[in-house]
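Reader: Please take me through the terms used for this model. I want each label set against its cut-off.

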Amino acid sequence: MLTEHELHSSLADPSLAVMSFLNEATLRFPDAISLAAGRPYEGFFALDRINDYLSHYLEHAREQGRDEAAITRELFQYGPTAGTIRELIARMLLKDEGLVAAPQDVVVTAGCQEALLIVLRALFADAEDVLLVPSPSYTGVTGAALLLDVSVEPVPEGPAGLEPAQVRATVERLRAAGRRPRALYLVPEASNPTGSSLSLPARRELLAVAKEYDILLLEDHAYAVFSPAGSPPALKALDTDRRVIHIGTFAKSGFPGLRIGYLVADQLIRRADGSTRPLSAALADVKSMVTVNTSPITQAVAGGMLLRHGLSLRAANTEAAAFYRANLRTAAAALAERFGSSGLPVSWNEPDRGFFMVVTVPFEVDDAALEASARDYGVLWTPMRYFQAAGAERQLRLSVSYLTPEQVRQGVHRLADFIEDRCAVPRYEEVDSLVA
Ligand SMILES: Cc1ncc(COP(=O)(O)O)c(C=O)c1O
């Protein structure tokens, strides 16, 4: 028997169990339509693609003049810690994002999650160091911080997402209290959970704030491939001062089963003796103690996918981006149909990219509400309180990525039935006044 208080504090933290709770709810209500899962649409999966991508990679390796023994060793043996497809990723980033990254500044990771973990491990040295995260925030980063005992400070988002003025105010408040804000994590493009994207002026202003207060920006670019042409550039593509660590993943732009992500870190570390060392090399050393190296087999599949699509993940995702955008429109149209002129205080945002949107309702949105919605109305969604969103007790996140357009429409109508019925239940104070 182990005693909980003798184990790491994260084990008793309810936020660590959020993913399991959602998975469990999905299993318990298999017939419910899931507007909760931030998973890619499975209609884009096909077994023969894995072979196809692998063949492209092998062909490319042979064209590079590598012999069968070398290629065999690459796929079967332990590989370089920083990855085998750094150059292909660097070329993709240039093509897709206009982001100039030297291959040696790229580290291939086991998903974005490992990238977050190793970056936090490296940057956060003592108890005064603070990681800023938007509120609401992606649970992957707050979960990694929890595991590493990294202090997190939420920065409340405005209607258009993270606001540089709020970042500035939070940094100043923390500094005045003797803390050291070290980095700000953000998803500037099609954020999870709100779906919001930052304007170009906001991005520039955040870079200026980062420079002024000497903090790093951890840019999570998980959903950027779904953004329409003409969207503002990645923070890293605007970064002239090495303020940004760019983090990407093939989970949404390829498929999650690959478990491939990457980071771009072009910063240098100054050592005590005055010499310097690339941060990317130090991060690779940290990684070596987490996953040793990322699977060379799945790297080859991911690399083959890039090669197959002319080194453009955006090109590989043209159909998917249009599909998800149409699903977002379908969800917004169904909400408008039900609540546009209902007189009920129900509102929602209308992101035009990514997987997510947020609905605000006039009642408490908690586990019990989710359970009732799944059991009695056959629809799952995610309470916004799971994303550490202060003041979001009456909000829920819809994910439109996993479903066909018809399922999205049906799911939103089921949700609307649930919301309408909840609104019709008299609140306690009303019941009290009726009794009185
Ligand atoms: C903001 C964000 N980053 C990253 C990921 C994916 O992480 P990984 O590459 O570890 O699957 C997700 C998936 O939900 C996400 O929402």
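Author: Buried means under 20% relative accessible area, exposed means over 50%, and partly exposed is in between, with a 1.4 Å probe and protein chains only as cover. The model is predicted: local features need pLDDT of at least 70 and side-chain atom pairs count only at pLDDT 80 or more, while totals for chains, interfaces and linings use all residues. Residues are numbered from 1 along each chain as its sequence is written, and side-chain values use heavy atoms, with hydrogens and water left out.

Reader: Why is Ala190 called buried?

Author: Ala190 has a relative accessibility of 0%, and the limit for buried is under 20%, so the label applies. Ala190 is in the loop between S5 and H8. It has a positive phi of about 50° although it is not a glycine.

Reader: What makes Arg259 partly exposed?

Author: The relative accessible area of Arg259 is 41%. That value falls between the 20% and 50% limits, so Arg259 is partly exposed. Arg259 also has a positive phi of about 50° without being a glycine, and it is found in the loop between H10 and strand S8 (261-264).

Reader: Why does Gly65 count as exposed?

Author: Its relative accessibility is 62%, and exposed starts over 50%. Gly65 is in the loop between helix H2 (47-63) and helix H3 (68-76). Its C-alpha atom is separated by 67 Å from that of Asp421, 356 residues along the chain.

Reader: What makes a stretch of chain a helix or a strand here?

Author: Both are DSSP runs numbered from the N terminus: helices are H or I with at least four residues, and strands are E with at least two. Strand S7, for example, covers residues 244-249, and Thr249 is placed in it.

Reader: How do you know which residues surround the ligand?

Author: A residue is near a molecule if one of its heavy atoms lies within 4 Å of it. By that rule 14 residues surround the ligand, the closest being Cys112, Asn192, Asp220, Tyr223 and Thr249. By class they divide into seven nonpolar, four polar and three charged (Ala, Val, Leu, Ile, Met, Phe, Trp, Tyr, Cys and Pro count as nonpolar, Asp, Glu, Lys and Arg as charged, and the others, Gly among them, as polar).

Reader: What makes the largest cavity a cavity rather than a pocket?

Author: The test uses a 1 Å grid over the protein atoms alone: a cavity is a set of points where a 1.4 Å probe fits but cannot get out, a pocket is an open set with protein on both sides within 12 Å along at least five of seven lines, and lining residues have an atom within 4 Å of a point. Points are joined across faces, edges and corners, and a volume is the space filled by probe spheres set on them. The count comes to three cavities of 30 Å³ or more. The largest has a volume of about 90 Å³; of its 16 lining residues, the closest to its centre are Pro134, Glu157, Leu186, Val187 and Ser191.

Reader: What lines the second largest cavity?

Author: Its lining includes Met92, His221, Thr249 and Leu313. Helix H4 (86-97) and S7 each give two or more residues, and H4 has the largest share, three.
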